[in-house]
Amino acid sequence: MEEILALLNVSPELPAGGEEQGLLEQLLSLNFGELLQVSEADDTLTILANGTKLLQALGVEFELGNVEVNVSGATLTVNALGAQLVITAAEQFTVSTEGYINILPYVESLAALFTADALHADISYVGGELAVTGELLLDLSTFTATADIALKYKSIEKQVQLIYANDIIYLTLDGLKVSGSVEEILALLNLSLELPAGGEESALLEQLLSLNFGELLQVSEADDTLTILANGTKL
């Protein structure tokens with residue numbers, strides 16, 4: 001009786017309100033003889049429970065299978081789902097937390113970044129005699145992007161403005177403004193000629209970047225007609 005009363009004193013309290021009545025009804029309706037087998041041998045208490053049926057009786061559908069609990073001396077061993085848990089008493093210990101970095105503030109910053117409505121990126125690339133710098137703005141709600149890019153190749157510098165909206169790319173170069181759909185541009189690139197092999201592509205790139213397209217080309221559209229006026233001599 002003393003042991004039972006001590007166990008009751010440390011048992012968890014029943015839920016408040018009417019929930020304890022439903023829980024008590026569920027517990028009393030269980031057939032513990034079918035759900036539990038208790039045995040003792042070699043100073044070891046063994047409890048074998050049908051975990052699946054026990055959970056079903058409590059309204060939980062989960063294939064837990066059999067759960068075996070062994071109590072031997074001050075050691076508690078639990079076997080379930082192919083895993084084994086052995087619990088024993090341990091001595092009090094201390095830990096060192098020096099040198100650890102709290103990454104939570106950085107994770108929160110990244111979470112705020114990737115849930116933002118718009119993003120800004122600075123671009124910087126240097127490779128050989130080619131340098132690219134600029135900034136990119138991306139509106140994630142409309143998937144619209146703008147980019148202001150500065151190109152420098154040797155002593156030649158160009159400013160390029162790009163806008164992407166509604167699957168259309170808008171390009172501003174030397175005051176020249178043109179646009180085209182992504183699908184059309186990709187098709188054009190697939191049909192374009194390959195650059196010459198060897199060192200010729202470097203000279204070709206230098207020639208192209210040295211052109212002032214605003215002076216060489218004028219593009220206009222009226223009455224469903226696209227007009228391109230080129231200074232053929234200078235081109």
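**Figure 1. Contacts and overall make-up of the chain.** Of the contacts in the chain with a separation of 6 or more, 18% are accounted for by residues 24 or more positions apart, in what is a predicted model. The secondary structure comes to eight helices and 13 strands, and buried residues make up 11% of the 235 residues in the chain.

**Figure 2. Pairing of strand E3 with strands E2 and E4.** Strand E2 (residues 44-50) pairs with E3 in the antiparallel sense over seven bridges, while five bridges join E3 to strand E4 (residues 75-80), these two also running antiparallel. Glutamate 68 in E3 stands opposite leucine 48, and glutamate 68 likewise stands opposite asparagine 79 in E4. E3 and E4 form a hairpin with two residues between them, and glycine 73 in the turn has a positive phi of about 60°.

**Figure 3. A nonpolar patch on the surface.** The patch is formed by Phe32, Leu36, Val38, Leu45, Val71, Leu76, Leu85 and Ile87, which together have about 630 Å² of accessible area. The elements that give two or more residues to this patch are strand E1 (36-41) and strand E5 (83-88). Valine 71, one of the patch residues, lies in strand E3 (residues 66-72) and is partly exposed, its relative accessible area being 32%.

Figure 4. Five residues in all, namely Val132, Ala147, Ile149, Val160 and Leu173, make up the largest nonpolar core. In soluble globular proteins, nonpolar side chains tend to be buried together. When its neighbours within four places in sequence are left aside, alanine 147 is in contact with Glu135, Leu136, Val160, Gln161 and Leu162.

Figure 5. The structure holds three salt bridges, and one of them joins lysine 154 to glutamate 129, with the closest N and O atoms 4.0 Å apart. Lysine 154 lies in the loop between strand E8 (144-153) and strand E9 (156-165), and glutamate 129 in the loop between strand E6 (118-127) and strand E7 (130-139), so the pair ties together parts that are 25 residues apart in sequence. Lysine 154 is partly exposed at a relative accessible area of 34%, and glutamate 129 also counts as partly exposed, at 48% relative accessibility. Lysine 152 forms a salt bridge with glutamate 157, where the closest N and O atoms are 3.9 Å apart; here glutamate 157 counts as exposed at 58% relative accessibility, whereas lysine 152 is partly exposed, with a relative accessible area of 38%.

**Figure 6. The salt bridge between lysine 158 and aspartate 174.** The side chains of lysine 158 and aspartate 174 meet at 2.7 Å, N to O. This pair links distant parts of the chain, since lysine 158 is in strand E9 and aspartate 174 in the loop between strand E10 (168-173) and E11, 16 residues apart. Lysine 158 counts as buried because its relative accessible area of 9% falls under 20%, whereas aspartate 174 is partly exposed, with a relative accessible area of 25%.

**Figure 7. Lysine 177 in strand E11.** Lysine 177 has its place in strand E11 (residues 176-181) and counts as exposed at 61% relative accessibility. Not counting residues up to four places away in sequence, lysine 177 touches Leu171 and Thr172. The C-alpha atoms of lysine 177 and leucine 162, which are 15 residues apart along the chain, are separated by 9.8 Å.

Notes:
Residues are numbered from 1 along each chain as its sequence is written. This is a predicted model: local features need pLDDT of at least 70, side-chain atom pairs count only at pLDDT 80 or more; totals for chains, interfaces and linings use all residues. Side-chain values use heavy atoms; hydrogens and water are left out. Helices (H or I, at least four residues) and strands (E, at least two) are DSSP runs, numbered from the N terminus. Buried means under 20% relative accessible area, exposed over 50%, partly exposed in between (1.4 Å probe, protein chains only). Contact means heavy atoms within 4.5 Å. Patches are made of residues with over 30% relative accessible area and no salt bridge: like charges are joined within 9 Å, nonpolar side chains (Val, Leu, Ile, Met, Phe, Trp, Tyr) within 5 Å. Accessible areas come from the Shrake-Rupley method with a 1.4 Å probe; for residues, only the protein chains shown count as cover. Two strands pair if DSSP finds at least two bridges between them. A nonpolar core is a set of buried Ala, Val, Leu, Ile, Met, Phe, Trp, Tyr and Cys residues joined through side-chain atoms within 4.5 Å.
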